[in-house]
Amino acid sequence: MKVSHLTSAEVAARAVGALGLDPEVVEFGSAEAICAALRRAASFLCPASPRQLADAVGEAIAPLSTGGSPAREEVMAQLELLVAAGDFLELSEASDRSTRRIYLGPPAFVCKAPGLYLLLGVRPYGAPLVDSTLSSQILHEGHTRTLELAPESASDRLAAAGLHELSLDQWLEHPAPAAPDDVFAEFRLRLSAAGPAGQVDGLKLLDPAAPVRFYRGRWRDPRADDDGDFVARRPQAYGADLWCAARLHAGQPAHLIDLPLDPTAVGRDEAWRLQAAIDATRGTPQQYRTHRASGCGDAVLVDLFGPVPTWAERRVELVGLPVSRSTGALLSYRVPAVAVGDVEAFLAGMLWMTRSPDGGTA
Amino acid sequence: MQVKGSFLRPGHAYCLVGRGGAAAPDLPWIKPTNLLADDAMAVELTVPDVLSPSDLEALQAAGLSTVADIEVRPVGLMAAAWVSEGTAEWLVGEPAMIAIRAERRPDRCVLTVEGTPYVLPWPVDTSELFVGLDGLGVGSHEIAVDLLAAAGERPLAAGSLVIVVREPQLRRESAAYAEGIRLLASPARPSLTDLWDGRASIAVEGPPETPAELAVALCDAAGRELRRVRRRIELPLTSDGWSAMAGPLRREFRDCYDMSESVGISVSRAGIGFASLTADRGFQPLRWILTRRERMPTAQLIDRTDGENTRVEYLSIEYPTITHPISGPSIDLPELGGLVRAKSGESIAALILPPNRNTLLSLARVRPRVPTGPKTTDEVMRLLLTHAAWYGADLPADPFAKRQQGLVLDAITSRLVSLIAGTKWSNLEASLDHEQVIERLSEMQRLVGESYPQRALAAHIAANLWKWAESPRSLADGFTTAISDVARGAGLGNRPDAGSFLLTFAGKPGRLATWESADRARLVGHALTSPVLVRAARFAVLGTAAFHADADSRIDEGWSA
């Protein structure tokens, strides 16, 4: 039995080690450590509200106020990433469908590329996801955990470890591929069938005629010469502005439908996909840029000039990592050179994007 | 509530339990309470927000501390369980680390672990001390914490904490309360028809070998449940498992599927999460379904527009070009069938109504009557668009509906060709029985034209009918070549699609509705002024159709550009 005084650095290092991370490499306030702490908290506390999990983690790390303990906002942001990735599930209670709580995601894996596997899920009661041999090989990057295994035996090994295989499509949850005309046509059909919009104050439009590489500059008020269908936002009494699709005649909204149409989707995701379809049908598809950057080794920077739906972010983050945005870009990702082709194909196939030969301004 | 530790927070209420005869602090906010236990006493404490020095002294004398003086809690690694101001649990092998915070900075801290005191100097310029407790065995360990000032002075604060070290809890065979269910669809967010037709699949992730309930419910446009089916499943449910279930499920829903607008699929397990997915039919502003109303077969319109501008009309088999407005969203099925069409703004929904089979069999063959007006472009377009309406309407599964549709399409095409081709050809069309076309090919050949080039054209067509019948492409290429000289003379020399236009005009004129309107009007104008081309095309269409038993489906595939 030994009782010893510890410095905050020593506490942090012990905690990081107990979470299965290397304290020589991972800092206590890093995304990796926060996510590991959240997984531990969930393992013991779930089903729980997001606040309960964040409070539990915060309470344990708050005394380490020097040396950059992460803010609550950072903890919540990582929690959202873990939910989005599938480590956690946000579900209704069986008895009260209006109450949603965090549950543990079932242990699973997704093949990112042959030999590279994304691990998902959390086991209850603090049990490790995989045995110590595999645990020691896990690469922690942000909220993700990846294993590099021989592809011919990986599925069997991970299945033997109690992980269920998810297909990439199942994990990404992206909509079915479609032509931009078809996507746009469906919204136009719904707008045609919608009742009169009535008076809509504070409507803001995404201008399809504005340059696609200057996202912020595309937002404007309706003008008297606006005729056609637009992605828009409208204010509401409480909460963030609502995403919608609007048909305007002489600058006045004639028909309007709120997004999302699919209650399980996110409004902005549908809006951004619709805007990508509108841009593509106009012959001015949205663009991305690829370039090498110093200090990235064999990786390539993929820059986006406008926001993309969540499922597109997940696809890019499957192989890449978000990094500080490049000059002129709204979002930037560092992607291994071998994976850039797949990313480009996905952006072209699902969002009809084309490669920009030069820069733009987000 | 039992306080496992000895810390009290100002502004909180507690119940203090002690051995019988123990003296509680004599304070006005401490009152005795009943306790049904031998040799035990209990008091209720309503701790005021601000404690006086005499309060603190009385509490200390009883071995109690206020948290305002001292706070002890896990730090760094979240405890497996933590009851504030009382008990912390860690799993064996995990580092037990606590933080001791003192409002009044002491000189040193004494931790007594299982009777053994450990003295730790308090760090300078900080109100918090971090302590690691290594080597605690499995079990419960009481830790007493005393904060001491400089030697000789009484303790500043004191309290206790229970640390429990335990083995990891084994997961039961059944699911843990924490484990959730995930319902996955591939592709994500499928439509009702995707699921129904097997183009999408479902998988349910969850704790293995865990029973759960799968419920599938079809709902109508108003969200009313038409039918719900429940099945017990074992998690996880793979896509293959879903496919095996889907067939029997479809049979259970067969009689209400047409009425449904959405399906809800849910998976639940008592005490665990509930996952669900809703798939709708895919937005169709207007849709016709066949149903029964008071035992009468009926066509019912599902109108998802705002409904105010929806117009409904009916066209009969007997007079397929005459429109009858209908009030209301439904129509009893006529004996011979027909066409119902709903229109609202840009949205159109049309359905071929099936006939009563018994009536159909008892009647002589019905010949649809198509009155025509003057030989003008407008009249041609009227017939062409009517053909398109019948051609583009949805077909129910009833094969007799397709038969009735075919009768109407043939009749309209025949009258359209007759409008342009002249009296003799019109008489031929009126007397033509499609089962006897082979026997009348010579007559058709003769009626194509009288001039030498026209007779040569007809002869060329006749000589190649058997070859052109092999494929639509053969027909299109061969006919285009055959009419090149005549077409040039008619001003169509620079139109490589003239042959395709004429063949479509003479066989499936409704398909020309999708052509660009100005271009189509020009070509119709040429046809009006060069009826020989229409007759030639009609000869080629009827002749090749007669040469091949299933010429209708083959010709459908290939004529139009």
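1. The second largest pocket of this predicted model has a volume of about 1,100 Å³. Its lining is made up of 42 residues. Those that lie nearest the centre of the pocket are Trp288(B), Leu290(B), Leu351(B), Asp394(B) and Pro396(B).

2. Several elements of chain B contribute to this lining. At least two residues each are supplied by strand E21 (286-293), strand E22 (296-303), strand E23 (311-316), strand E26 (338-344), strand E27 (347-353) and helix H5 (377-392) of chain B. The largest share comes from E21(B), with 7 residues.

3. By class, 23 of the lining residues are nonpolar, 13 are charged and 6 are polar.

4. A separate point concerns two helices of chain B. Helix H9 (residues 452-468) and helix H14 (residues 531-547) of chain B pack with their axes 9 Å apart, at an angle of about 25°. H9(B) is therefore described as roughly parallel to H14(B), because angles under 35 degrees are counted in that way. The crossing of the two helices, H9(B) and H14(B), is right-handed.

5. Which residues of H9(B) and H14(B) meet? From H9(B), the residues in contact are Gln454(B), Leu457(B), Ala458(B), Ile461(B), Ala462(B), Leu465(B), Trp466(B) and Trp468(B). Their counterparts in H14(B) are Val532(B), Ala536(B), Phe539(B), Ala540(B), Gly543(B), Thr544(B) and Phe547(B). By class, this contact between H9(B) and H14(B) has 12 nonpolar and 3 polar residues, and no charged residues. The student may note that Gly543(B), a residue of H14(B) in this contact, is counted as polar because the classification places Gly among the polar residues.

6. Cys46(A) and Pro47(A) are joined by a cis peptide bond, with omega about 0°. Pro47(A) lies in the loop between helix H2 (31-45) and helix H3 (50-61) of chain A. Leu259(A) and Pro260(A) are also joined by a cis peptide bond, with omega about 10°. Pro260(A) is found in the loop between strand E13 (252-258) and helix H9 (267-281) of chain A.

7. Ala250(A) is not a glycine, yet it has a positive phi of about 50°. Where is Ala250(A) placed? This residue, Ala250(A), is in the loop between strand E12 (242-249) and E13 of chain A.

Conventions. Residues are numbered from 1 along each chain as its sequence is written. Chains are lettered from A and ligands numbered from 1 in the order in which they are written. This is a predicted model: local features need pLDDT of at least 70, side-chain atom pairs count only at pLDDT 80 or more; totals for chains, interfaces and linings use all residues. Side-chain values use heavy atoms; hydrogens and water are left out. Axes are lines fitted to C-alpha atoms, for helices over the stretch in contact, and angles run from 0 to 180 degrees between N-to-C directions. Helices (H or I, at least four residues) and strands (E, at least two) are DSSP runs, numbered from the N terminus. Angles under 35 degrees count as roughly parallel, over 145 as roughly antiparallel, 65 to 115 as roughly perpendicular and the rest as oblique. A crossing is left-handed if the near helix is turned anticlockwise from the far one by less than a right angle, and right-handed if clockwise. Contact means heavy atoms within 4.5 Å. On a 1 Å grid over the protein atoms alone, a cavity is a set of points where a 1.4 Å probe fits but cannot get out, and a pocket is an open set with protein on both sides within 12 Å along at least five of seven lines; lining residues have an atom within 4 Å of a point. Grid points are joined across faces, edges and corners, and a volume is the space filled by probe spheres set on the points.
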